[in-house]
Amino acid sequence: MRPPAALLSLTLVAALAGCRTAVPDYERQARDRLRATAQAYRPGGHAPEQPALAAGSTAADYLRFALLHHPEVEAAYADWRASVAAITPARSQPDPRLTFQADLADTVMSVMPGFMADFMTPGKRAALGREAAAGSALAYRDYVKAVLQTAAEFRHAWLELAYVAQARQLHARAAAAVGEVIDVSNADYATGRSLAGLEAQVRFQNIAAEHHAHHAALTDRLIAARIRFKSALGLPPSAPDPVWPAPTLAATPLPDDNALWQRVLAANPDLARLRSGVELAVARTAVAETARTPDFGLGAMVDLKTSPVMWRPTASLSLPLWRDKIAATVSAAQARHEAAAARLDAAQLTLAAQLAQALYRVREADRMIAYYDRTALPNLDRVVATAEAAYQSGLSPAGAIPENHLQRITLAIDRLALLFQRETAVTDLFLLTADIAPADTPLLARAASEP
């Protein structure tokens, strides 16, 4: 009888070691969401193959490279994977235990191996599983936020490259135009046609020095902008430089204010994260309420020294007697739920103010750009045309022509700075509305559109 009893115990342990539990719907949905994202982000556990960045690569190509290689996104994705994997242990029964007891005197009186298992009720396990699933939903929102913030930083770096490149060109043109003005002023002073030639030379030399200084500063800024752009792509300083793009600044059209606000309410990553936080608080409240439910354990021991073999069944039951402790646990969970809901309401107020500020910055820049495009630059073009006509007819000196060209370049520099400020504000708007990248970016489109 003894060998069969030992064999039976070992067989039971081996059978339980291969047990699997049924996957509930909430866990299946979390796994499906992770699997769908993995197909775009890490198919087969590795970054998908894609064409190398080249001179003809578009902004969307560079953005896709950044999202697939930036460590911030990778860290958030790994945290999300870990939170999904944690659902199964949370909803599972505690591991069973092998036990051993022996009675010793002058000789071994009894040898009693055994097997013990603790059990939670299905309701408690379901509550714990839903809590873990809610935690995975929160980790998913952190992943989405990391994707969007990486895209926003990429767009900021892209705009910085575009602004610096165009501003350098304009300041170089301005310095050349000042040189032409100085040459004409020198000629007028030498021929006596202008008694103010020396004063004009000094003034324009100062202007030339200013533009040269701006050009030199922008050259340094270009180095910093390229380092920022490389970091935005997820490339470390030791990695080879990417093919630098040649972006240009252009005004991005925007929908109306109401559409933007509705988009903020529906897709803002911070609001979505706080909503997941509310759901997690609800799940934790449900877990706290299960503190009233007792847990139990069952087991058996067998004395291998007796004949016939003696079995010793055991059972245990937890006693949740401390009602004040249970009430305090539930009350704390409910308070955390109320706090999470209040934080969600507060975030909506903050986002409304942020949206208004970003829209103001865009509109302020739009008004000034419209002034340059519709009034200042066209009027200056007419002045230039008049000065050229007057010079050709002998009614005006040649110095007015390059000076007017210089003034036009200066206005173009100011307009470019306004456009850069506008697009920076648009980037903030797009981050608020989760529209920070083109819709054809698969990873971001899937992440931002998930409910």
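This is a predicted model: local features need pLDDT of at least 70, side-chain atom pairs count only at pLDDT 80 or more; totals for chains, interfaces and linings use all residues.
Entry 1, A434. Next I checked where A434 sits: A434 is in the loop between α11 (400-433) and α12 (442-449). I also looked at the backbone angle. A434 is not a glycine, yet A434 has a positive phi of about 60°.

I went to the loop between α5 (87-91) and β1 (97-104), where S92 lies. Which residues does S92 touch, leaving out those up to four places away in sequence? I found M120 and R125. I then looked up P122, which is 30 residues from S92 along the chain. The C-alpha atoms of S92 and P122 are separated by 9.6 Å. Last, I checked the side chain of S92. A polar atom of this side chain lies 2.5 Å from the backbone oxygen of T88.

I located L317 in strand β4, which covers residues 310-317. Is L317 buried or exposed? L317 has a relative accessible area of 54%, and the cut-off for exposed is over 50%, so L317 is exposed. I then looked for a surface patch that includes L317.

How values were computed: Residues are numbered from 1 along each chain as its sequence is written. Side-chain values use heavy atoms; hydrogens and water are left out. Patches are made of residues with over 30% relative accessible area and no salt bridge: like charges are joined within 9 Å, nonpolar side chains (Val, Leu, Ile, Met, Phe, Trp, Tyr) within 5 Å. Accessible areas come from the Shrake-Rupley method with a 1.4 Å probe; for residues, only the protein chains shown count as cover. A salt bridge is a side-chain nitrogen of Lys or Arg within 4 Å of a carboxyl oxygen of Asp or Glu. Helices (H or I, at least four residues) and strands (E, at least two) are DSSP runs, numbered from the N terminus. Buried means under 20% relative accessible area, exposed over 50%, partly exposed in between (1.4 Å probe, protein chains only). Contact means heavy atoms within 4.5 Å. A polar contact is a pair of N or O atoms within 3.5 Å; within protein, one must be able to donate a hydrogen and the other to accept it, and residues adjacent in sequence count only if both atoms are side-chain atoms.
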